[in-house]
Amino acid sequence: MQLVAAACKLLDVKPEVVLRQFGEYFFDFCKRSGYDHMLRTLGGNLFEFIENLDALHSYLALSYKEMNAPSFRAERNGDGTMFLHYYSDRRGLCQIVPGIIEAVAKDFFNSEITMEIVNQIEELERTGKKEHVVFLVTQKPTFSNVMCSNKLSQTPPCLPKGPRRNAMHWNPNKEMFTSIIGKLLRGFEPVYPKNLCIDLKTFCNAFPFHIVFDKELMVRQAGVNVQKIVPGLQTMSIHLDQYFSIVHPEVTFTISSIRKFINSHFVLQTRRDMMPEAWRDRPMLELRGQMLWMESLQCMLYQASPLLRSLHELEERSMHISDIAPHDVTRDLILLNQQRLAEMELSNQLERKKEELRHLSQHLEEERTKTENLLYAMLPKHVANQLKEGKRVEAGEFKECTILFSDVVTFTNICSECEPIQIVNMLNSMYLKFDRLTTVHTVYKVETIGDAYMVVGGVPIPVSSHAERVANFALGMVIAAREVINPITGGPIQIRVGVHSGPVLAGVVGEKMPRYCLFGDTVNTASRMESHGLPNKIHLSPSVYLVLKDKGFMIQERGEIDVKGKGRMSTYFLEGNLTATEHEIMGRSVKEADSGRASVQSARDCNTEAALYRPGKQGSPSVEGGLPKPDHQLTRATLSQSPTPIEAEAPHSTKHIRTSFCVVL
């Protein structure tokens, strides 16, 4: 109503104008929503259409449980007009009705009508829908002729009269059929027998749910099955309203109210307090049918069927299919609805399975992504993709690359004086920082063995700036190591870093836990640079120095030293980068730098729990033409006296996962 008021104010029109326009639009909306065919088949004229609107609303209420539809009743007048009675729980909307009915008359029956309110009262005979508005419907003569076709239908001259007429109808022959076919095309007039040719028992069995009652609602006759369900009906001279209440239409249980709404379908429900004690816990039986007034007997015939929709409702009332007459379509309705329910359940199961498959597919995709990320953390992406496709990965030669090795100073002493979990936590904290730097400077992490950390620049994707990237990464390692706590001293740990540039051969080794390995003298030389370095220093070989000397790096000459397996070499120390700040090297923004210390402390506290593992020993890496390898030559006494080392459940990094062995000497 607020919308109507706003429209009236904006358009400067009366509310009835807006409501009538809405009625016309609503009728068109219903047709476009798929109800066009259903509406057209309600009746052959406007009167029949209106009389069947309540039945349509009752059908729709099965699907729309909360629907509270209005009710309509039509009365013919002798002058060709009719009264339309409109009942509703919503006040103030009666002007929608003329808009709807006028649109129906024009669209379905090609006629124009006028509607005016002749009475608007508070309904007393109805138990619901208190607003009662009476419209006078006036139409053109064509509509009057249709409405009063029964009055215009007269016996044509071609039909015989008197007793012979009945004889001809009950004994048809070809000549008679030819004579009356014209009549059938023009109109229809029923012919009734003189006597009812059916006995009372047959009638009560054929229509097992009928009830006959008089003006005082006294039951005169009842079908056999309604007597079985409501035993009180076997007692003659009882009143129908003692055992039943009217559910639809919402009217008082009097003969006058019933006759007023006699064209509506009636739903009666048994009263719980009048049922046998053993049946009171069951759902009450509802009957749905029509009322027929028998003027000669001054009685009302209620011809009904059980209002049941499924076998479940049938079982709840302790009834069977056999209780319903074979000619009653309720049988078909129950069985068809049961089949529909079974199909719906099957459809729902398919939908549930579809949803489960969707969730499984989504979960599978998530797990596939995790697996790929794990694989990409262990192998270069293009190598991993080739392995997934079942292809063989050929070894490749890289003419220029830069390799870096690092280890923790006095790592053996730290292992001998600390608990294994402390070692794991220290290494995990350090490797998490180093792994992050590999992403910042785009270098490839090759391997970690104990405290040894190996990266390479220019492999597996060749780049011309491989030395600069590894140099910046090395500077970041030294800075990051200051934030890792030595569990013995409580101060920062010290690391040695060695860097060398040269050619290598790279390829995948093994099928079970395949590894991307580097081979060549460049690997050996880089390892020697690390092992001959100094704490917190980045030891450079001459080849790296030649690449970096004009690139803005601070490099200090160390001089000639004896390198194992290499003889005398002139080496250098990398001190810093003149073109980059510490924040740029660490890949931190200004805001991150301000909160850097708090973040470091938080990361330091993120230790993982440990699981028991077999004993082992981590020694200084030795290189034999390939990757540094741990020294596993332990004495029998050392193994017997060493406590069981542990392996962290959480890997040292997500960048490149390897198992690290720690032993307390």
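**Aromatic contacts and nonpolar cores in the predicted model**

The charged end of arginine 73 is placed over the ring of phenylalanine 261, at 4.9 Å from the ring centre; this category requires NZ of Lys or CZ of Arg within 6 Å of the ring centre and within 35 degrees of the ring normal. Arginine 76 likewise lies over the face of phenylalanine 47, 3.9 Å from the centre of that ring. The model is predicted, with local features requiring pLDDT of at least 70 and side-chain atom pairs counted only at pLDDT 80 or more, whereas totals for chains, interfaces and linings use all residues. Residues are numbered from 1 along each chain as its sequence is written, and side-chain values use heavy atoms, with hydrogens and water left out.

The chain contains 24 helices and 20 strands, taken as DSSP runs numbered from the N terminus (helices, H or I, at least four residues; strands, E, at least two). Of its 665 residues, 43% are buried, a class defined by under 20% relative accessible area, with exposed set at over 50% and partly exposed in between (1.4 Å probe, protein chains only). Among contacts (heavy atoms within 4.5 Å) between residues at least 6 apart in sequence, 61% join residues at least 24 apart.

Rings of Phe, Tyr and Trp (its six-membered ring) pair if their centres lie within 6.5 Å, and planes under 30 degrees apart count as stacked, over 60 as edge-to-face and the rest as tilted. The rings of phenylalanine 27 and phenylalanine 108 have centres 5.3 Å apart and planes at 70°, and the pair is therefore edge-to-face. Because phenylalanine 27 belongs to helix H2 (residues 15–40) and phenylalanine 108 to helix H5 (residues 96–108), this pair ties together parts 81 residues apart in sequence. Phenylalanine 27 is buried at 6% relative accessibility, and phenylalanine 108 is buried with a relative accessible area of 15%. Phenylalanine 108 also forms an edge-to-face pair with phenylalanine 49, at 6.1 Å centre to centre and 70° between the planes. Here phenylalanine 49, in helix H3 (residues 46–51), is linked to helix H5 across 59 residues, and both partners are buried. One aromatic cluster is formed by Phe22, Tyr25, Phe26 and Phe29.

The largest nonpolar core holds 41 residues, of which Leu404, Met430, Ile495 and Ile538 touch the most other members. Such a core is a set of buried Ala, Val, Leu, Ile, Met, Phe, Trp, Tyr and Cys residues joined through side-chain atoms within 4.5 Å. Helix H18 (residues 466–481) gives the most to this core, contributing eleven residues. Beyond its neighbours within four places in sequence, isoleucine 538 contacts Ala474, Leu475, Val478, Val497, Val499, Tyr572, Phe573 and Leu574. A second, separate core comprises 35 residues, including Tyr243, Phe253, Leu285 and Met319.

Aspartate 214 is located in strand S5 (residues 211–214) and is buried, with a relative accessible area of 5%. Its side chain reaches the backbone nitrogen of glutamate 216 at 3.0 Å. Apart from neighbours within four places in sequence, aspartate 214 contacts Arg220, Ile255, Gln298 and Cys299.

An unreviewed UniProt entry lists residues 336–374 as "coiled-coil region"; UniProt positions follow the numbering used here, feature names are shortened, and annotations may be inferred rather than shown by experiment. In the model, residues 336–374 are 100% helix and 0% strand, with the end C-alpha atoms 56 Å apart.

Terms used: A polar contact is a pair of N or O atoms within 3.5 Å; within protein, one must be able to donate a hydrogen and the other to accept it, and residues adjacent in sequence count only if both atoms are side-chain atoms.
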